Amino acid sequence: MKYKSLVITNPEDLMFGIAPYPVKTRRGLEIGGGQVYAELNFTLPVMSINNNTLQQVYEHYREIAEGALERALHLNSKGVVLELETLLEMTKTPQIGIEIVKIMNEICEKYYQKHGLASEIRLTPNDLREFERPAKQRTSAYLEPMMELFEKGMIEGGDLLSIESTGGKEVSDDALMNCDIKTIVFALAVLGVRDMQFLWGKIVALANKHGKIAAGDSACGFANTAMVLAEKKYIPKVFAALVRVISVVRSIVAMEEGAVGPDKDCGYEGPFLKAITGIPISMEGKTAACAHLSPLGNIASACCDLWSNESVQNIKLLSGMAPTAYMEQLEYDARLMNQALIAGTVPSHILQQLLVASDVYTDPQALILSPENVIRISKELLKGDSYVANAKNGALKALDIIEEALASGKMKLPEMETSYLPILRDELNSIPDNESDFIEMMLPVIDKSKFILAEYGL
Amino acid sequence: MEELLEKLLEAVELGKVDFKSPYPPQLKGQDGALELTIKALETGVGPQQILENALVPAMDRVGKKFSENKIFVPQMLMSAKAMGASMLQLKPFFTSGEIKTKGTFIIGTVKGDLHDIGKNLVAMMVEGSGWTVVDLGVDVPSARYIEAVNNHPGAIVALSALLTTTMVNMGEIVSDIKANLSTTKVFIGGAPVNNEFCQKIGADFYAPDPQGVVEYLNRIAS
């Protein structure tokens, strides 16, 4: 790993709205520069996307952007990010995604010119490569439309570039269901890292070419899948917490390749990235219950720079359209955090402590996200000489922290959870620090029909 | 004989695949499902008896424990592996027709969707309850479901989807199946769908979880 030391070493400096390296945008947002902005994410209601429905699709996005910015304006918003996370058809046929960016950007520009409301679009093409099994990460014909959407979409106004890339997911899905921590390390720290290097090199080059912002990736398909499975009681929460920590070594590769933030909302590994690299991050918590449940409702906002809702369908609620309603919720949360920042260091720390204390001992996944624990784990994530060693060390530290919390009586977990702790520790300890040794250990036991080694440069 | 079947039931329930398997720790050094099935057959226990008195009740217990949140999926998967080891020994008797499953269950994730975690869980639990499972994989169009039913007359079909943009494909697939094979029962499942959607698209059954599918199938079988 390129990073050898933390940019933020004091937990008290891991604060919402403040990042050591803020990101300035075209219309004047300074993300991480002293205030929290809302980041609204949305999607279509249940409908097909085809030639017959295309005008309806465009109308939905027009309505979403107009409704959200009008509400933000009414609430005296200081700035907004709108995330367009494209659906399969919008990336496969990039002209559709590009047209949506254009529509949304015109509305953003209108509110900026007419009312001075600054907003930017985060453009997040979905990773089409996962639609081939086994995935062809480097040679897929799907790469071309994805990159076309990135490039033409950023020209049309998608200023912040992100993706939830899926390299290694074909291996991690089964490993999650089997609680197989060694294969998770292989999927994220070996396959995921290699794919991130490949993909983010391209994204950063495009962003630099057009003067746009390479923002960051999210291990959503890995660690959020684990979180959701744990919420359903399919897998242990302690395992999901470790998957989150391991995902850091994969997601940080975007920054190593030149991404500058704000990291993507559904990447709950964001606090670790912020501590290590100093970039601003987007986070989501209670406001994302419209998309998925989580045990991180309040603590997720402890050091966010953008505050998001993950995704909501454009459907009618009693108050109005759902994205407009969520815009309001995000704005009020951001307003509270910003008021605390204006009031000074002590009030902002009190608010942060309340956000942390209300969740921290309720779930191991929340526990690892407290600023103190983020710093402790992040130090371990940098200690080794390989991504594999760092993933292992970080996960072992997370295990220590979970066991400390249990021993102190502050956190309680049922026996069916705690029985996994020694198993996970033994499995982690059996991982060699040297990456080649680890690959040699894993290749004979992994189902190689699921992935293509050459597609990862192996 | 009873004792052997009881041991086999325990081995499958706790996920003890074979003698050398380290899991579960409390059965270390003991025979697993593989050895116990071989012994049972050698001592004259009928294959149908093995299936009905050991394997199916074991997986039934596992399914119940899972639905009561007493075990996690990995433990259930270990039980499925143990059952698989036993089933391998019984395979010749299925082929010869000496033992029969409760029926055939065809499952796949609908076209446009590649999410298969939920589908795999359902397939595993249904197989464990004594059904023959034909897993069509992911991104499955109507034609493949229809082809599979033609190959397995009387089979029940299950469609899975995770995305709101792919659940709409379920309606088209249900229509195609019903148009070609009007008596075929079609189940649906997945995060974005519900009973109301099931009725709207003309499917026959919706279950919110794998255990719900198993319970409904077993009601049909009985």
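Which residue in β2(B) is the bridge partner of F105(B)? In the predicted model described here, the partner is V133(B). Residues are numbered from 1 along each chain as its sequence is written, and chains are lettered from A and ligands numbered from 1 in the order in which they are written.

Strand β1 of chain B (residues 104-109) runs parallel to β2(B) and is joined to β2(B) by four bridges. Strands here are DSSP runs of E of at least two residues, helices are runs of H or I of at least four, and both are numbered from the N terminus; two strands pair if DSSP finds at least two bridges between them. The strands of chain B form an open sheet of five with parallel pairing, in the order β2-β1-β3-β4-β5. Its edge strands, each pairing on one side only, are β2 (132-135) and β5 (205-206) of chain B.

Chain B is divided into domain 1 (2-96) and domain 2 (104-221), with bounds from an automatic or database domain assignment. The C-alpha centres of these two domains of chain B lie 27 Å apart. Contact, defined as C-beta atoms placed from the backbone lying within 7 Å, links 11 residues of domain 1 of chain B with nine residues of domain 2 of chain B. On the domain 1 side, α3 (47-67) and α4 (73-96) of chain B are the elements that give two or more residues. The largest share, eight residues, comes from α3(B). By class, this side of domain 1 has eight nonpolar, two polar and one charged residues; Ala, Val, Leu, Ile, Met, Phe, Trp, Tyr, Cys and Pro count as nonpolar, Asp, Glu, Lys and Arg as charged, and the others, Gly among them, as polar.

The contact between the chains takes 15 residues from chain B and 19 residues from chain A. On the chain B side, α4 and α7 (164-180) each supply at least two residues, and α7(B) gives the largest share, four residues. The side of chain B that touches chain A has 10 nonpolar, four polar and one charged residues.

In chain A, strand β3 (residues 37-41) pairs with β4(A) in the parallel sense over four bridges, and A38(A) stands opposite V80(A). Six of the six residues of β4(A) (80-85) are buried, that is, 20 or more other C-beta atoms lie within 10 Å of their own, against 12 or fewer for exposed residues and values in between for partly exposed ones, with C-beta atoms placed from the backbone. V80(A), L82(A) and L84(A) point one way from the strand, and V81(A), E83(A) and E85(A) the other way.

Y326(A), in helix α11 of chain A, counts as buried because it has 26 C-beta neighbours inside 10 Å. Leaving out residues up to four places away in sequence, Y326(A) touches L40(A), T287(A), C290(A), N309(A) and V312(A).

The buried residues of α12(A) pack against α11 (322-343) and α14 (371-381) of chain A. These buried residues are S348(A), L351(A), Q352(A), L355(A) and V356(A). They fall within an arc of 135 degrees seen down the axis of α12(A), so they line one face of the helix; the arc is that of the directions from the helix axis to the C-beta atoms. The face turned away from the buried side of α12(A) carries the exposed residues V346(A), I350(A), L354(A) and A357(A).

Notes
Predicted model: local features only at pLDDT ≥ 70, side-chain atom pairs only at ≥ 80, totals over all residues. Contact = placed C-beta atoms within 7 Å.
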